[in-house]
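Visitor: I would like a close look at one part of this model, and then at how the rest is put together around it. Please keep to what can be checked in the viewer.

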Amino acid sequence: MKNFLILAIIFCAVLVHAQDKNMLSTETKRDSILASVNGESITLQDVMLESNAEEAKLSSMFTGEDLIRKIEEVRRKVLEDLINRKLIYASYKKQPFDIPTQNVEDMVDALARIMGDGTRESLERRLNEFGSNMDELKRKVREKIATDFLIYKNCILHVEVTPKEIYDEYKANPARWKKQEQVEIQLLQVLKGKNADGLDPVKVVQNLKEMLKNADEEMFGEIVKKNSNGPNAAKGGKMGWIDRDKLRPEFAAPLKNAKQGDIIGPVETPEGYYFIRVGKLAGEEQISYEKAAPEIEKELREKAIQYRKRIYLQELKDGAVIRLLI
């Protein structure tokens with residue numbers, strides 16, 4: 001039941017976000033029917049119950065047409081999930097099994113703890129604010145338990161990944177299981193154009209070149225803090241480990257043969273000049289089969305589950321009447 005509880009908590013978070021009256025999504029009538037499955041409708045409000053958490057996040061990342069497009073993508077994905085859920089739940093209703101009332105009640109109590117002061121009364125008030133009620137919530141929880149169990153039974157329970165499959169996958173993709181050559185760097189940036197003090201960046205770079213000669217990590221860091229316009233200046237310009245093949249071209253060439261402790265620069269780029277201090281170096285390393293195996297097993301298992309889901313859902317769709325009204 002742990003997974004069911006997590007899903008219920010997620011559903012709770014969705015309800016909280018869905019109450020934001022300023023969301024772009026409120027401009028559309030929530031009782032609009034978007035689809036039907038065997039005569040049962042799916043409304044815009046049904047979709048929004050599960051999409052508004054993601055929509056709230058999108059509104060902090062996009063605006064205008066981009067936001068509208070992203071919201072549409074999210075809602076279409078949620079609509080597809082709801083159609084699938086109704087298909088699965090319809091199969092449950094044909095061959096129902098016992099769902100202990102206590103499991104449903106436990107989820108409701110968990111929702112009450114997450115949403116407010118822990119009482120059913122507080123939870124019901126929150127539900128009423130969004131035009132829902134306790135009976136509707138329990139129905140959705142019961143439906144979720146039934147559909148998740150059927151997915152588990154038909155798509156997950158009998159999935160097995162053998163050691164041979166894992167090993168074959170490892171041997172078939174040797175490049176993937178190599179830890180790329182990496183370099184740890186500190187960065188000092190001087191932007192082109194006069195700075196706030198009216199200093200010529202070219203002269204600043206010339207002075208820095210003298211100051212940085214033979215600077216160790218600590219000294220380089222202090223000079224960065226006082227002079228850099230670049231990222232992580234407050235941390236002495238430390239950029240951490242970077243794969244060599246992910247370095248921007250202007251940095252990759254001069255760093256190709258650099259050794260630990262070398263200071264490269266000034267390196268000119270369209271936006272400014274850089275001094276780069278090389279910290280530690282790490283060569284290419286083959287990731288052992290023992291370390292790679294758990295990740296490979298997880299990926300192969302998920303791939304098999306998704307394949308079974310597609311087959312299972314297609315079988316349900318073949319015997320259903322689905323109408324999309326958008």
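Visitor: How many bridges join strand 1 to strand 2, and do these strands run parallel or antiparallel?

Guide: The model is a predicted one. In it, strand 1, made of residues 33–37, is joined to strand 2 by 4 bridges, and the two run antiparallel. Strands of a sheet pair through backbone hydrogen bonds, in either a parallel or an antiparallel sense.

The pair belongs to an open sheet of 3 strands, whose order is 2-1-9 and whose pairing is antiparallel. Strand 2 (40–43) and strand 9 (322–324) are the edge strands, each pairing on one side only. From one strand to the next, the twist averages 20°. Helix 3, residues 64–94, lies across strand 1, strand 2 and strand 9, and runs at about 155° to strand 2.

Now the wider chain. The protein chain has 11 helices and 9 strands, and 37% of its 326 residues count as buried. Among contacts in the chain with a separation of 6 or more, 69% are between residues 24 or more positions apart.

Of its 11 residues, 8 are buried, so strand 7 is largely enclosed by the rest of the structure. Strand 4 pairs with strand 7 in the antiparallel sense over 9 bridges, and Val183 stands opposite Leu281 of strand 7. Strand 6 also pairs with strand 7 in the antiparallel sense, over 4 bridges. There, Val267 has Tyr274 of strand 7 as its bridge partner. The link from strand 6 to strand 7 is a hairpin through 3 residues.

Helix 9, residues 217–227, has Phe220, Gly221, Ile223 and Val224 as its buried residues. Seen down the helix axis, these fall within an arc of 165°, so they line one face of helix 9. An α-helix has 3.6 residues a turn, so residues three or four places apart point the same way. On the face of helix 9 turned away from the buried side are the exposed residues Glu218 and Lys226.

Helix 8, residues 201–211, contains Leu208. Leu208 counts as buried because its relative accessibility is 1%, and the cut-off for buried is under 20%. Apart from neighbours within four places in sequence, Leu208 is in contact with Leu188, Val190, Ile223, Asn227 and Phe275. The C-alpha atoms of Leu208 and Val224 are separated by 9.7 Å, the two residues being 16 apart along the chain.

One helix pair remains to be described. Two packed helices are described by the angle and the distance between their axes. For helix 6 (residues 134–156) and helix 11 (residues 289–318), the axes come within 9 Å and cross at roughly 110°. That angle makes helix 6 roughly perpendicular to helix 11. At this contact, Leu150, Ile151, Asn154, Cys155 and Ile156 of helix 6 meet Arg301, Ile305, Arg308, Lys309 and Tyr312 of helix 11. By type, the residues of this contact divide into 6 nonpolar, 1 polar and 3 charged.

Definitions and conventions
Residues are numbered from 1 along each chain as its sequence is written. This is a predicted model: local features need pLDDT of at least 70, side-chain atom pairs count only at pLDDT 80 or more; totals for chains, interfaces and linings use all residues. Side-chain values use heavy atoms; hydrogens and water are left out. Two strands pair if DSSP finds at least two bridges between them. Axes are lines fitted to C-alpha atoms, for helices over the stretch in contact, and angles run from 0 to 180 degrees between N-to-C directions. Contact means heavy atoms within 4.5 Å. Buried means under 20% relative accessible area, exposed over 50%, partly exposed in between (1.4 Å probe, protein chains only). Angles under 35 degrees count as roughly parallel, over 145 as roughly antiparallel, 65 to 115 as roughly perpendicular and the rest as oblique. Ala, Val, Leu, Ile, Met, Phe, Trp, Tyr, Cys and Pro count as nonpolar, Asp, Glu, Lys and Arg as charged, and the others, Gly among them, as polar. The arc is that of the directions from the helix axis to the C-beta atoms.
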